[in-house]
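Trainee: I'm new to this one. Can you walk me through it?

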Amino acid sequence: MDTLLTADVAANSPRFRRRSSTFEDAIHDLPLRESMAPAQLYSTESGRLFHSGRIVIATVGLPARGKTHISVAVARYLRWLGVKTHVFHLGDYRRATVGPGKDVPDDYFFINASPSSVLLRNKILKKCREDIYHFLEHENGQIAIYDAVNAISAGRRSLAKEFAKHNIQTLFIESQCNDERIIEENVRSVKISSPDYAGWSDEDAIKDYLARISSRIPHFETMEEPELHWIKLINAGERVVVNNCAFGYLSQRIVFYLLNLHIKSRRTYFARAGTTKEENAYKADASLSPEGVDYAKKMSDTLIRHREYERQAIIDQGGPDNALKPLTVWTSTRRRTVETSNYLASLGYRVRQRSQMSQMNPGVCEKMSEHRIRLEYPEEVAKHEADPYHHRYPRAESYHDLAVRLEPIILELEREQNDLLIIAHESVLRVLYGYLMACNATDIPKLEFPRDEILEIIPASYNNEAKRIHIPDLPNNMIPGSPQDLQIPVPPSGTTSPLGSLGSPNTTGASTPATGYQTPQPLLIRKTHVDPSS
Amino acid sequence: MTVNGEFNHDMRRVPTGEFMTPSRKTNGVGVQAEDTKICVVMVGLPARGKSLIAQKVVRYLHWLSIKAKTFNVGQYRRTNTPNPSADFFDTSNSEGERLRRAAAEAAVNDMCKWFAEGQGLIAILDATNSTKKRRRWIQERCDAEGIETLFVESKCDDEDIIMSNILEVKTTSPDYVGQDPESAAQDFRNRIRNYERVYQTIDEDEFDLTYVKLIDVGKHVIINQIQDYLQSRVVYYLMNLHIRPRSIWLSRHGESQYNLNGKIGGDAELSERGEMYARALPGLVKQSVGDSRKLTVWTSTLRRTIATARFLEFEKLEWKALDELDSGVCDGLTYAEIEERYPDDFKQRDEDKYNYRYLGGESYRDVVIRLEPIIMELERSENILIVTHQAILRCIYAYFMNVPQERSPWMEVPLHTLIKLTPKAYSTQEERLKADIPAVSTFREKGSSAKHQEAA
């Protein structure tokens, strides 16, 4: 009865191992090979960050309080920091056990449930907990997020006790709402999209859903236990109460993250900056060329058209008239990105500049052709090809450096309530996209953001979705990456055409020696285009 | 800086206040500064560590180049009443009440003026602010000026903590200068009692305020209505503070081959004498620690620090963020070579060493930004030994010792020396222990390009 149907797909595959591709949010995948995470600062032999032990984060709260959203968001952030984290949604186990289309018995959540319901409950819990132990003890997992209702205080105490026997700490995160509007909004956006409610009006569906919750889970005790470690989020972060959490680096870090998280849904768009007069000079900070100005206008018009089209689509489906949130624009402080936003600013959109968002520093390779880089730095090229995410050319920044530098932006990204257009250099877009879609660090340098596309990320509580919007009528020479991208990262040798060689499917695997896991197809999937002009 | 496409020295300079306010100097396109102004209002009875928190927050923000200032109401009050007795703080003493109110008003007025002049982003109003009425007045006053308020209440019922704070206060507070410590402590306890009578903790009536309530030094924390990222950042910092006694040891790596040749940067091996220091370090640490405390050792990812720490029998952690300042094109050169090849740069760096970014490399300011997670982690941790590099050590040292930016890049941090820092409530104590192993001096005075300067 809770979470999205898409969860079933995951639940039915053994141990939730799905193969992802870069245009799918990989937050529910377990990485197949060990590699450093995007913003990981150090590594240890065990694969765990050793100043904080193994932790189970257990959610607490009635359905429609955003538990799944919080679980997934926290997992996304922890993985980004390099903490091996996996989410175990108890609902997935429930559905997988009772079978598709069926539901658990009515007294399933009751304290005085019938013996058969209790047996079923224990069977489901056991399976989920076994997987948690397996992940923490045999797969070097560090944090398991246990997404369940955990409604009763006695149950929570025994849960913490049981994990403590295995030397695992338990941190509870409760999401409590006493603002009816937040609950209704959440039910509207997440729960009633299921086929059960096909043909119902929104209002009736919400009412029915809430009535079902209160009849099926009549007992709920909010967290008060002084000896347990817990964080209570009240009304989507309006107030946060933290109890007894000073025990670890990660719990403080999670609180910091949660202070910036909200559960409202909004969209993020990524667009490249226009072309400049001085295309390959990093230090010059050049202004837009006339073509660049033209691009800025076309990109903006496309986005505005697309948003209008989406708004209309929501209204057609019976959604509210104010379906779209206002749009805010973020740029770096580099001229090309600021000038690309000028057209939107002239239309009254709010533009903010963020100094952390400037592009990756290309170091010595600035203004050098690929040929020359290969000639002058053959060893560096070899190192780069072995690990394009962590390698730095002399005096350059690596993607890893960039990711660490972007962390405040990640938190502000979570905090932003409006829809957001980010205009930045491709290197910055790659890293931010990597966060939002839980990409493997090794895939991030290969992501491609051609100039004739705006990327739209649509959040959902279970996973994010990415969509590409085509910008029509751009001159061909503008579409491939800027010359800098052609030099750094350096494409594998033997690739003759500089255009599109980056991030395009690499059948030989030359650029990723760590084989065994190849991104099947990078982002350039024309059929996912939405052309608002058509 | 108007030239496009042509190299201009200003381009390498990072503007000040970069952390939260994209500066107007970064480009000519008219940057909108983020005009968040926050007044952090301390709330709590005397001896609850309010001034300590205020002092630490200011130090942290300064280190990050966020302009911050404490407005201590007690100081305003002291101009009229330098050594008040506890009676002064009795609420039935109307004259005392009037004077204290006047002091609060003067402090708030000065603070508003400070903001209006564009002097800073965060002000800290350090006073007891113990009544709802007083807090509402501050909030309304700030609201009218477009200043956000963040109330920070320190609530503590742990007698041990309160007592140790009282002991600290009676020996350091200007209110008790020249008085007998025993009677001072007694008077101070009476003063607290007077406050206790009217003290109102922040509660449901104030649900609309942005506040963080720290109960028993962070054991229980309530955070309400956080409005923006900068506020969340301050709260995060507050949550990481602890008051358990501990020390931090700092050491540079042993002398390296590059040090011998006077070259900067690189990833060189230790010299023979550097190797000797590595072998001597466990003994030196033992001598300085004095007991059997377990330390954790943090090194950079460069060979010379890892080699220096390798004989220490503690847990070790390699941090990328502790790597030496990246000197860009100058990596592997001597100062004389830099002066010869990049004379303008050499001069520029001397003029503003903190903001100067090596061609393709880093500035001290860049280093501070990447060290921020390290500082947060240090605040949270207990006994740590850091083996790292000159520039990195200067930045970490500057944080603990509150060294201003103009001075921190010029500090002398000799090789083969173990520094012990012990944070105390109002300052940090320092001890230096020299290993008896000679090493070159890598210190370079302003304007000099000498390969090795004689240690003074």
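This is a predicted model: local features need pLDDT of at least 70, side-chain atom pairs count only at pLDDT 80 or more; totals for chains, interfaces and linings use all residues.

Trainee: Fine. How many helices and strands does chain A have?

Mentor: Chain A has 16 helices and 13 strands. These are DSSP runs numbered from the N terminus, with at least four residues (H or I) for a helix and at least two (E) for a strand.

Trainee: And what percentage of its residues count as buried?

Mentor: Of its 534 residues, 47% are buried. Buried means that 20 or more other C-beta atoms lie within 10 Å of the residue's own; 12 or fewer is exposed, in between is partly exposed, and the C-beta atoms are placed from the backbone.

Trainee: Which residues of β7(A) point which way?

Mentor: T268(A), F270(A) and R272(A) point one way, Y269(A) and A271(A) the other way, and all are buried. The strand covers residues 268-272, and five of its five residues are buried.

Trainee: What does β7(A) pair with?

Mentor: β7(A) runs parallel to β10(A), residues 419-424, with five bridges joining them. A271(A) has I423(A) as its bridge partner there. Two strands count as paired if DSSP finds at least two bridges between them.

Trainee: New topic. What do the buried residues of α14(A) pack against?

Mentor: They pack against α8 and α15 (426-436) of chain A, together with α7 of chain B. The buried residues in α14(A), which spans 407-415, are P408(A), I409(A), I410(A) and L411(A). Packing here rests on contacts, where C-beta atoms placed from the backbone lie within 7 Å.

Trainee: So how do α8(A) and α7(B) cross?

Mentor: The axes of α8(A), residues 249-260, and α7(B), residues 229-240, come within 9 Å and cross at roughly 160 degrees. Axes are lines fitted to C-alpha atoms, for helices over the stretch in contact, with angles from 0 to 180 degrees between N-to-C directions. The two helices are therefore roughly antiparallel. That label is for angles over 145 degrees; under 35 is roughly parallel, 65 to 115 roughly perpendicular, and the rest oblique.

Trainee: Which residues meet there?

Mentor: Q252(A), V255(A), F256(A), L259(A) and N260(A) meet Y229(B), S232(B), V235(B), Y236(B), M239(B) and N240(B).

Trainee: Which strands join chain A to chain B?

Mentor: β6(A), residues 239-243, and β6(B) run antiparallel and are joined by five bridges. V240(A) has I223(B) as its partner. β6(B), residues 220-224, has four of its five residues buried, so the rest of the structure largely encloses that strand.

Trainee: What else does β6(B) pair with?

Mentor: β5(B), residues 211-215, pairs with β6(B) in the antiparallel sense over five bridges. Y211(B) stands opposite N224(B). The two strands form a hairpin with four residues between them, and D216(B) in the turn has a positive phi of about 50 degrees.

Trainee: In what order do the six strands of the open sheet in chain B come?

Mentor: The order is β9-β8-β10-β7-β11-β12, and the pairing is mixed. β9 (315-318) and β12 (428-434) of chain B are at the edges with a single partner strand each, so one side of each has no neighbour in the sheet. Neighbouring strands are turned by 20 degrees against each other on average, direction ignored.

Trainee: Which helix packs on that sheet?

Mentor: Helix α9(B), residues 272-289, packs on the sheet and touches β7 (248-252), β10 (384-388), β11 and β12 of chain B. Its direction makes about 30 degrees with that of β11(B). β11(B), residues 417-423, pairs with β12(B) in the antiparallel sense over seven bridges, with T417(B) opposite K434(B).

Methods. Residues are numbered from 1 along each chain as its sequence is written. Chains are lettered from A and ligands numbered from 1 in the order in which they are written. Two residues are in contact if their C-beta atoms, placed from the backbone, lie within 7 Å.
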